[in-house]
Amino acid sequence: MVTCSEILKAARLGACVTGLCVPFGAMAMAQDAPEGQTQDTEITDDVDVDTDVITVTASRPRGMVVGDIEPDVTLDSEEIESYGVSSLAELLDELTAETGSGRGRGGGRPVVLLNGQRISGFREIGEYPPEALARVEVLPEEVALKYGYRADQRVINFVLKPNVSVLAVELESERPTAGQRVVNEASIRRLYVNEDRRWSVDAKLVDRTSLLESERDVVSDSQGTPFAIGGNIGTSPYGGAINGALGLAGDDILVAGQTGGGATPALSDFAAGTANRTDTGQYRTLSPAQQEAQIGFSYNRPFFGERASTLSGRLERTETQSRSGLPQATVLIPQGNPFSPFDDDVALYTYADELGPLTRISESLVSNVGFSVVGKPGPWNWTWTGSATQTDSESETDTVLQLATLQAAIDAGSDSVSPFGDLSGQALQQRKTESTSRVAETAITTSGTLMDLPAGPVSSTLKGSVQRQTQDSRSVDQNGETDVSLSRDTMDAQANVDVPLLSADTDDGSFLGDVSANANIAYTSLSDFDDLVTYGGGLTWRPVDALRFIVSVTQEEGAPSISNLSDPLQVTPNVRVFDYTNGETVFVTTIDGGSADLLADNRRVYKIGANIEPFEEQDISIRFDYTDSEIENEVSSFPNATPAIEAAFPDRFVRDETGALLSVDRRPVNLASRTSRELRTTLSYMKRLERPESGGNRGPGGGAGGRPSGGQRSEASAEERPQAQRPGNVEGAAQGERPRGRPPGAPPAGDAPPPQDGQKPAAEGERPSGPPSGGRAGRGGGRGGPPGGGRPGGYRVSLSHVWSIEKTVQIAPGLPVLDLLEGDTLGGSGGEPEHTLDLGFNLWNNGLFMRSGVKWQSATTVNASPLSTVGDLEFSDLTTAEIRVGYNLDTKAGLVAKYPWVKGMRVSFDVENIFDTRQKVTDASGDVPLTYQPDLIDPIGRTIEFEIRKRF
């Protein structure tokens with residue numbers, strides 16, 4: 001190996017000329033790079049032999065994140081292609097298992113970076129086409145601290161190719177294998193990237209038709225209700241004997257269905273002891289109809305040298321229509337009414353089918369604009385971001401019939417108003433809601449080096465942000481109008497410091513390997529809450545190349561969102577729920593919206609993580625993440641109707657005198673405390689397939705010798721490989737270590753050789769023109785090249801397992817602690833599964849791609865209450881599988897030659913829930929409660945999707 005000192009001696013002696021010194025110097029610096037430099041070196045022309053100085057300038061790999069924490073998962077462009085997605089938003093959804101975290105507040109996306117930098121928001125890049133990506137990196141939560149975020153979300157870094165132009169049009173249709181629900185989508189995306197400039201525009205239309213209960217195998221619950229088309233006679237409240245009213249003696253008769261007579265029936269027009277029944281499936285939606293339209297743009301360009309700015313905007317409109325059954329009418333008929341044939345007071349229970357189903361129509365319009373400004377690279381880097389979002393939403397919900405005028409006329413004995421008459425003239429009560437929320441925020445983040453220590457530089461990240469939120473909501477119903485207006489001003493300051501403690505690459509290198517520590521603190525001032533403080537710290541230890549440990553602790557205070565406080569009140573009738581107290585399925589009225597009395601929460605989270613790459617010659621990684629969290633006053637959606645919940649929040653439940661549940665107020669609440677301990681294990685294995693032999697019809701840079709043997713790692717190019725796989729990359733490969741999977745002193749396996757005379761070097765994501773012979777220079781036969789060359793394929797297998805060790809909740813002080821793993825529950829889908837598995841398989845090979853996955857969760861049990869008549873509920877384990885298969889038609893040279901219009905076309909076929917499986921729920925007798933019928937648990941079931949995508 002040629003060393004720097006040898007080159008300097010040669011320069012002093014004049015034994016070499018600049019043309020020889022420069023390449024050898026680059027080789028030397030790549031293999032013996034001091035801390036802080038990377039392999040991607042740039043040799044300047046300023047070589048002054050007289051001063052015995054050779055100047056070598058190091059540049060960071062494109063899109064690399066700051067710091068020395070390596071990605072847990074890295075996907076290159078071909079692996080991304082195997083997912084068969086059409087946008088970054090769809091890709092992010094596919095990576096849920098990889099981006100999941102046990103530390104956050106749940107349900108949120110990971111922190112998203114673009115080219116290793118903050119952006120104004122995910123809306124800025126969510127519709128970018130995946131062809132623009134050189135690689136995707138998934139990183140631990142600790143990396144979020146280095147960008148001014150809190151360490152409760154994992155980080156995903158999208159790295160774009162430096163030069164790419166994509167115009168793509170896509171049509172797709174999805175439908176279940178049963179029922180009439182259809183989802184049709186059309187989209188167009190245009191993205192242009194040229195080094196430091198980029199712009200994009202996109203538009204999308206989505207139409208989803210409704211799915212009705214009548215289109216599924218749903219057993220009606222009408223057996224438990226007296227309401228029916230045609231009407232039934234009973235007592236008020238329902239359940240008493242009506243023998244006397246019918247003039248009958250003997251056993252008690254509870255109901256009599258009207259069989260004829262119209263508005264003036266006779267006693268013979270009622271069937272004693274027989275009730276009319278109505279299946280309301282055609283009046284209830286399992287999945288609502290929805291129409292969605294969106295359009296967006298982004299524009300980025302440099303200014304004043306190396307600074308860059310981005311402006312983006314998006315407009316999204318959604319309309320949703322749903323049905324919630326038929327309006328119910330309870331008409332009291334006093335004795336002596338001129339239209340009544342009965343000898344006593346009775347009640348008529350009927351559906352007003354003349355008025356059609358109860359509906360809810362909701363509309364929302366979201367408008368967003370964002371910007372970001374990235375400062376000139378230097379000792380301290382800074383980013384200024386900002387965004388403003390306005391969401392306008394309104395809804396109109398049918399609630400109940402307005403029968404007061406009708407009832408008054410009947411009570412008065414009017415001879416012109418029959419209680420058995422047509423109800424089409426009666427009005428439906430409606431609740432109308434409107435809300436407008438506005439969020440405007442801006443943040444400045446700066447990072448740089450504070451000082452140098454023997455083990456490396458001490459770096460810091462500082463962030464300051466200001467946010468203004470307002471929400472105005474209005475609810476109108478028959479009782480009047482309710483207006484709520486809230487605003488919140490938030491000022492946030494955060495600091496993070498990373499300190500290298502030990503390094504194996506110093507002159508007196510530590511036998512313990514590399515050790516670094518970080519500390520962080522955040523102060524948040526809110527106009528409507530007390531000031532909040534978050535602080536934490538962590539330790540990163542890498543004893544050997546193949547092993548990394550991360551330990552961290554966070555103490556955080558968090559305020560409820562303004563929407564949790566002020567969302568408009570929503571009242572929905574005829575909602576099917578399971579009443580755990582009585583062990584029965586009932587229809588109730590639900591109340592949703594915001595709760596103004598919510599408190600801020602306080603959470604403490606410990607994490608211990610380990611990342612292992614056990615074999616140098618194989619691309620295998622194993623990741624363990626153990627988290628232990630305790631939360632006080634957690635803001636939670638309202639739990640299910642269990643006895644424990646009702647005991648804690650008795651004012652949220654309304655029951656009649658018989659104990660039947662009538663309504664539930666489901667607005668969010670604070671839970672006293674929650675404890676969670678879980679272990680996440682992720683295994684990943686990736687294998688490159690051998691480049692196919694194709695004789696003289698090889699793609700550029702192709703050839704049998706293009707891929708190293710022995711299973712060594714081989715990526716697309718030196719630029720596309722993540723930093724952990726580049727020799728001499730100090731930032732990503734633990735300060736100068738050789739990349740794993742390559743023998744000491746060997747040239748980088750799979751790297752492209754330097755360009756020959758007159759040959760243009762390949763940029764990241766581009767297919768180089770290729771060397772005259774031998775070696776691998778880019779992806780032969782790739783997109784845009786001769787299809788006959790044949791692209792090297794590969795496959796990836798990933799397995800994610802979550803073991804829930806402890807899940808406990810105390811709903812309110814003084815109440816027992818609920819064990820969600822041992823029969824207690826908060827939600828309507830059973831207890832917390834102790835184990836969940838997510839298995840994924842990706843294959844890509846010469847235009848063919850396949851993505852398949854299997855998900856499994858263990859069974860749970862929900863303990864019955866003392867009043868329940870059905871005993872414990874058993875929720876079975878659940879296994880679902882999906883597969884997506886597709887083909888890029890332009891990889892077939894003969895097909896393209898015969899049908900030129902197929903160039904750039906991709907077709908794919910997707911089946912979700914292949915075996916149409918659903919969780920099975922049974923009570924102690926083995927019966928399925930009506931609420932937990934399979935088609936109610938998962939109304940969609942197996943779906944098939946066909947997609948055609950054309951790139952121009």
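A residue is called buried here if its relative accessible area is under 20%. By that criterion, 50% of the 952 residues of the protein chain count as buried in this predicted model. The chain holds 12 helices and 43 strands, and, of the contacts between residues at least 6 apart in sequence, 71% join residues at least 24 apart.

**Confidence**

The mean pLDDT of the protein chain is 81, with 82% of its residues reaching 70 or more. Where pLDDT is low, the predicted coordinates should not be read in detail.

**An open antiparallel sheet**

Five strands form an open sheet in the order β13-β12-β11-β18-β17, and their pairing is antiparallel. The edges are formed by β13 (270-272) and β17 (328-333), each of which pairs on one side only, while the twist from one strand to the next averages 25 degrees. Within this order, β11 (residues 232-234) pairs with β18 (residues 346-351) in the antiparallel sense over 3 bridges, and isoleucine 233 has leucine 348 of β18 as its bridge partner. In general, strands of a sheet pair through backbone hydrogen bonds, either parallel or antiparallel.

**Aromatic residues and charges over rings**

Across the whole structure, a search finds 17 aromatic pairs. One aromatic cluster is made up of Phe227, Tyr238, Tyr349 and Tyr351. Charged side chains also lie over the faces of aromatic rings, as the following table sets out for an arginine and a lysine.

| Charged residue | Ring residue | Distance from the ring centre |
|---|---|---|
| Arginine 118 | Tyrosine 149 | 4.2 Å |
| Lysine 950 | Phenylalanine 952 | 5.4 Å |

Serine 447 is found in strand β21, which spans residues 428-453. Because its relative accessible area is 16%, serine 447 counts as buried, the cut-off being under 20%. Leaving aside residues up to four places away in sequence, serine 447 touches Pro379, Trp380, Asn381, Ser460 and Thr461. Serine 447 and tyrosine 147 are 300 residues apart in sequence, yet their C-alpha atoms are 8.1 Å apart in space.

Technical notes. Residues numbered from 1 in each chain as written. Predicted model: local features only at pLDDT ≥ 70, side-chain atom pairs only at ≥ 80, totals over all residues. Heavy atoms only, no water. pLDDT = per-residue confidence, 0-100. Pairing = 2+ DSSP bridges. Helix = DSSP H or I, 4+ residues; strand = E, 2+ residues; numbered from the N terminus. Axes fitted to C-alpha atoms, helices over the stretch in contact; angles between N-to-C directions. Phe/Tyr/Trp six-rings, centres within 6.5 Å; stacked < 30°, edge-to-face > 60°. Lys NZ or Arg CZ within 6 Å of the ring centre and 35° of its normal. Buried < 20%, exposed > 50% of the residue type's maximum accessible area, 1.4 Å probe, protein only. Contact = heavy atoms within 4.5 Å.
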